[in-house]
Amino acid sequence: MEAAARVIARRGVRGLRVEELAAEAGVSTALIYYHFKDRAGILRRTLEFINDRAGSYTTERAPDAAPLDPRQELEQTLLLELQDDDTVRENSTAWGELRASAIFEPHLREDLAKATLIWVQEVADLLGRVRPMATAAGLAIAAERLTALVEGLSMRWLSGILPLGHARELVLDAIDAELERLGRR
């Protein structure tokens with residue numbers, strides 16, 4: 001799955017060739033087809049892998065680390081999507097490629113929508129821990145805005161349009177604005 005994420009990040013979904021994936025993974029093309037059946041299976045499983053990997057790097061903490069308060073946990077979860085790390089870069093690039101390809105490959109849309117919904121719900125839950133009196137609808141809308149912002153900033157950062165530090169500042173500013181908005185309601 002790491003090889004699939006690398007190839008998609010490097011070549012895009014349209015550039016994904018099973019032969020190249022097999023070479024990158026050090027296995028035969030027959031083995032790839034045995035496990036995934038077809039290209040759609042490869043893409044679906046790669047999307048799951050990318051989501052699982054993002055979940056691990058945005059939530060893992062050292063066992064001896066002090067516990068985070070709800071706001072710190074919210075900030076960390078979003079900011080760790082924007083870090084100068086090869087795995088994060090690869091993950092974010094592959095996610096962007098899969099998302100863009102869904103325009104032309106409708107079979108990806110449902111899986112992407114589910115993955116996005118899970119992320120939005122996780123962020124809404126974190127927002128709710130910071131603003132427990134906010135409405136569920138307000139939390140969902142705020143989470144939708146924050147996750148969309150992180151995705152957009154990630155693409156700008158990865159393409160060299162926006163410095164990483166500035167992208168992270170914008171996320172923190174957006175968190176402030178969303179929490180303030182939720183506190184007024």
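Reply: A pocket here is an open set of points on a 1 Å grid over the protein atoms alone, where a 1.4 Å probe fits, with protein on both sides within 12 Å along at least five of seven lines; lining residues have an atom within 4 Å of a point. This is a predicted model, in which local features need pLDDT of at least 70 and side-chain atom pairs pLDDT 80 or more, while totals for chains, interfaces and linings use all residues. Residues are numbered from 1 along each chain as its sequence is written, and side-chain values use heavy atoms, without hydrogens and water.

Me: Which element gives the largest share of the lining?

Reply: Helix α4 does, with 10 residues; helices are DSSP runs of H or I, at least four residues, numbered from the N terminus.

Me: What is the volume of the largest pocket?

Reply: The volume is about 660 Å³, taken as the space filled by probe spheres set on the points.

Me: Moving on, which residues of α1 are buried?

Reply: In α1 (residues 2-11), Ala3, Ala4, Ala5, Val7, Ile8 and Ala9 are buried, meaning under 20% relative accessible area with a 1.4 Å probe, protein chains only. They pack against α2 (18-25), α4 and α6.

Me: What follows α1?

Reply: Gly12 follows α1, and its phi is positive, near 85 degrees.

Definitions and conventions
Helices (H or I, at least four residues) and strands (E, at least two) are DSSP runs, numbered from the N terminus. Buried means under 20% relative accessible area, exposed over 50%, partly exposed in between (1.4 Å probe, protein chains only). Contact means heavy atoms within 4.5 Å.
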